[in-house]
Number of protein chains: 2
Amino acid sequence: MQRTLARGLTGHEPGSTVTIQGWVHRRRALSGVTFVVLRDRSGLAQVVVKDPTTLAAVAGYGEETVVSVTGTVAANASAPGGVEVVHPVFEALTDPAQTPPVELWRPTLTAGLPSQLDHAGVSLRHPVRQARWKLAAASLRGFRDTLDARDFTEVHTPKLVGSATESGANVFEVDYFGRPAYLAQSPQLYKQVLVGVFERVYEVGPVFRAEPHDTVRHLAEYVSLDVELGFVRDHRDVVAVLRDVVAGMVAAVHEHASEAVRLLGIDVPVVPAELPVLHFREALEVAGAPADEPDLSPAHERAVGAWGLREHGSDLVVVEGYPTASRAFYSHPDPEDPHWSRSFDLIFRGVELVSGAQRLHRHADYVETLAARGHDPAAYTSYTDAFRYGVPPHGGFAIGLERWVSRLAGAANVREVTLFPRDLHRLAP
Amino acid sequence: MQRTLARGLTGHEPGSTVTIQGWVHRRRALSGVTFVVLRDRSGLAQVVVKDPTTLAAVAGYGEETVVSVTGTVAANASAPGGVEVVHPVFEALTDPAQTPPVELWRPTLTAGLPSQLDHAGVSLRHPVRQARWKLAAASLRGFRDTLDARDFTEVHTPKLVGSATESGANVFEVDYFGRPAYLAQSPQLYKQVLVGVFERVYEVGPVFRAEPHDTVRHLAEYVSLDVELGFVRDHRDVVAVLRDVVAGMVAAVHEHASEAVRLLGIDVPVVPAELPVLHFREALEVAGAPADEPDLSPAHERAVGAWGLREHGSDLVVVEGYPTASRAFYSHPDPEDPHWSRSFDLIFRGVELVSGAQRLHRHADYVETLAARGHDPAAYTSYTDAFRYGVPPHGGFAIGLERWVSRLAGAANVREVTLFPRDLHRLAP
């Protein structure tokens, strides 16, 4: 018999026969009747067991046992979706499940985070953990759809690289057929080179940081959403694309993860048609910070976030023009005053979510800047050589998927929204 | 002035003023006139230069210099799209480009493959190389769209893993904060565990093989398109999804990369409503091979491919039921005769493109099979533990992106369709 999903039960007339399949999410045994809540990928369904033989069988199906249930649809206003399945015949599709190491049937996961992570394969089954990832999956879809519609080309660049460029620190070393290689900290250099090929590119992929800090915001491996585009006038053209990308991610969350939004009770941001922008100097003023601060502290970012809400009713604020010396070497200085750069951060609810900039595009500028910053230009030639052959003015940005979702879901720790997090201490499961 | 793309020129009336931007693809200087072919992300446009001052300027713009050209649209049947730009005013957006290390303006790339790869950032600009990647990007889009429409959840699983499972050989070792970690050879174990969470999952991401073979088919890092789904009856349910996925990839190639198909002159396969299937035993017969062969050789696969064309007019053939002993430990044996497995390969034009199977889903089966094959079950517990808690009958498959595109494009070497290939000898650019 064709399988019906839990969310599809309401489409069946009371009295009709259906087969549902899923996990025994919870059993409640009363006198002479057991309610079995079945969980499948679409949600929950209630099955009412009264027949003594079936009651005995169900008593042996521990929570998480996978079953197929054929029965009759009946109306019940107090059941999920207003319907339940009665007169069920159960068939176990797996051996009876052992008692799970974390309780999955409670509305919230009561296990501590380390325990959740130790048993990630099971704790991710909890509807709250599933819903958080659904936000991530929907966001990815919105990210790509927005860029596909704007003529961007998806690319995949190597994660194994020959030199520890960009920043020498915090890279993982790999034994590559007997010689050293490194895990890419970002696709930065490749996406810039590929602007010379496709003009507009994006990549979704893992990046690796040998991050020695054990904080709620840092992971050793995370998913980076990278964008780069050519033929820009300045970084404001990049900010305009960023605005559309975030709006597209938000729209996709509403379209493809509305059930998760509801379950988590989260407040999805409204993305204004134009993002409020503060220059770095103004951001310091807003934060009441000295004018010679080289960067924004977390407290400054919170102040900027509060300003955006207060002045523009916006959860999102762009800060542009960070001091050139505080930014990566490939950031384009402001031609009017090279002390400031054509870089920007997007502050989402008081926390930096995105970094971006117009980049240098002239070969001579790279040679000069690398030397001035004390880098060895030889380590960068396979990257900078492309700029000898015409790479248009360009810029881009990167969004950390886990950071985005953790802010969106209001999760205190980025590990709560990551399927299998990696950090200083954790390499399994 | 708003930029017009090369492919958009035909939408402008002759006599109107346009600005186009891109790379100087080629200059042909005749007596008193120079034709500049401009390349942008959409294609080529011809610019006719007659003004002496502009002629002198253009003489200084070596091929690959990035320029902005404002001029007048004029009809010319012999120009790309039937229109060209006359009375141009040039503005260089970069310094004059140096002479590229590979000639990009010829219809085919004449540089040898090693030279192309050494200068990948530049040689990828060649329209043929761009077009090959456009096949890849379109295929990825078709892959995801097909699965999104079927209620699959996109996942991202860690590439840094704590133990060298699945096969002990050919893994890259990483220095992970002073202890050994490994690069994942596939998301196999994670995607199976995630069937226990989301029922249906897919992942697009890098996989790593410390592949000591220097062949035209092997890379040390490639993009794997992984699919896994639960609540299957047997592997035939998986094959049905595979059929739809390949059909979706083909449809997306037509929809999003038609220009690449035309430029490359390739023959895109027609995917039959049902893929022809041979049992492994029958495949050996078709190939005229002894009945006790443990696996299909490349010659056997070619014979199977020829059979598919001859008997079914199909470029695609499924071979199912490979000997259990020849397949990975998690392959589900045929319950009727466990000598054979519920596994399959998809043969595309005589070469294996996809491997898949129904997998084991009972914890006891894993314990037994790992022991029987001489694996250390302890190394697998963080994976196999999930099966104690109910993972439904499931199966899946993986498609190698580069292998798919190389067969589609008729490329002899997988490196010809990879942006920045990694192999035994190559770690840069």
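Predicted model: local features only at pLDDT ≥ 70, side-chain atom pairs only at ≥ 80, totals over all residues.
Leaving aside its neighbours within four places in sequence, B:Val18 touches B:Met1, B:Thr4, B:Leu9, B:His12, B:Val69, B:Thr70, B:Gly71, B:Val73 and B:Val85. You'll find B:Val18 in strand E1 of chain B, which covers residues 17-30. Is B:Val18 buried or exposed? Its relative accessibility is 1%, and buried means under 20%, so B:Val18 counts as buried. Now pick one name from that list of contacts, B:Val85. B:Val18 and B:Val85 are 67 residues apart along the chain, yet 8.2 Å is the separation of their C-alpha atoms.

Let's hop over to chain A and look at some strands there. Strand E3 of chain A, residues 43-49, is mostly covered, with five of its seven residues buried. Which strands does E3(A) pair with? One of them is strand E2 of chain A, residues 33-40, which pairs with E3(A) in the antiparallel sense over seven bridges. Together E2(A) and E3(A) make a hairpin, and two residues sit between them. If you'd like to see one of the pairings up close, find A:Val36, whose bridge partner in E3(A) is A:Val47.

In E5(A), A:Val47 has A:Val85 as its bridge partner. Strand E5 of chain A takes in residues 83-92, and here the pairing with E3(A) is parallel, over two bridges. As background while you trace these strands, in a regular strand the side chains alternate between the two faces of the sheet.

Back in chain B, there's a sheet to walk across. Eight strands form this open sheet, in the order E6-E10-E11-E16-E15-E14-E13-E12, and the pairing is mixed. At the edges stand strand E6 (153-154) and strand E12 (277-279) of chain B; each has a single partner strand, so one side of each has no neighbour in the sheet. Further in, strand E15 (residues 351-358) and strand E16 (residues 394-400) of chain B run antiparallel and are joined by five bridges. One pairing to look for is B:Ala357 with its bridge partner in E16(B), B:Gly396.

Time for some helices. Helix H4 of chain B has 22 residues, 127-148, and at 1.5 Å a residue they should span 32 Å; the end C-alpha atoms are 31 Å apart, which agrees. How much of H4(B) is buried? The count is 18 of the 22 residues, so H4(B) is largely enclosed by the rest of the structure.

Most residues other than glycine have a negative phi, and most peptide bonds are trans. Now look at A:Glu199, where phi is near 70 degrees, a positive value in a residue other than glycine. A:Glu199 lies in the loop between helix H5 (188-198) and strand E10 (200-208) of chain A, and its relative accessible area is 0%, so it's buried. B:His87 has a positive phi as well, near 50 degrees. This residue is in strand E5 of chain B, residues 83-92, and at 65% relative accessibility B:His87 counts as exposed. For a cis peptide bond, go to A:Ala428 and A:Pro429, where omega is near -5 degrees. A:Pro429 sits in the segment after helix H12 (401-409) of chain A. In chain B, the bond from B:Ala428 to B:Pro429 is also cis, with omega near -5 degrees.

Finally, zoom out. The domain assignment of chain A gives domain 1 (6-92) and domain 2 (121-417), and their centres, taken over C-alpha atoms, are separated by 46 Å. How does chain A relate to chain B? A rotation of 180 degrees, with 0.0 Å of shift along its axis, superposes chain A on chain B with an RMSD of 0.0 Å. That is the relation of a two-fold axis. The same surface serves both copies, as 100% of the contact residues of chain A recur in chain B. To find the rotation axis, look for A:Val174: of the residues of chain A, this one comes closest, at 2.2 Å for its C-alpha.

Definitions and conventions:
Residues numbered from 1 in each chain as written. Chains lettered and ligands numbered in written order. Heavy atoms only, no water. Buried < 20%, exposed > 50% of the residue type's maximum accessible area, 1.4 Å probe, protein only. Helix = DSSP H or I, 4+ residues; strand = E, 2+ residues; numbered from the N terminus. Pairing = 2+ DSSP bridges. Least-squares fit on C-alpha atoms with pLDDT ≥ 70 in both. Contact = heavy atoms within 4.5 Å. Expected span 1.5 Å × (residues − 1). Domains from an automatic or database assignment.
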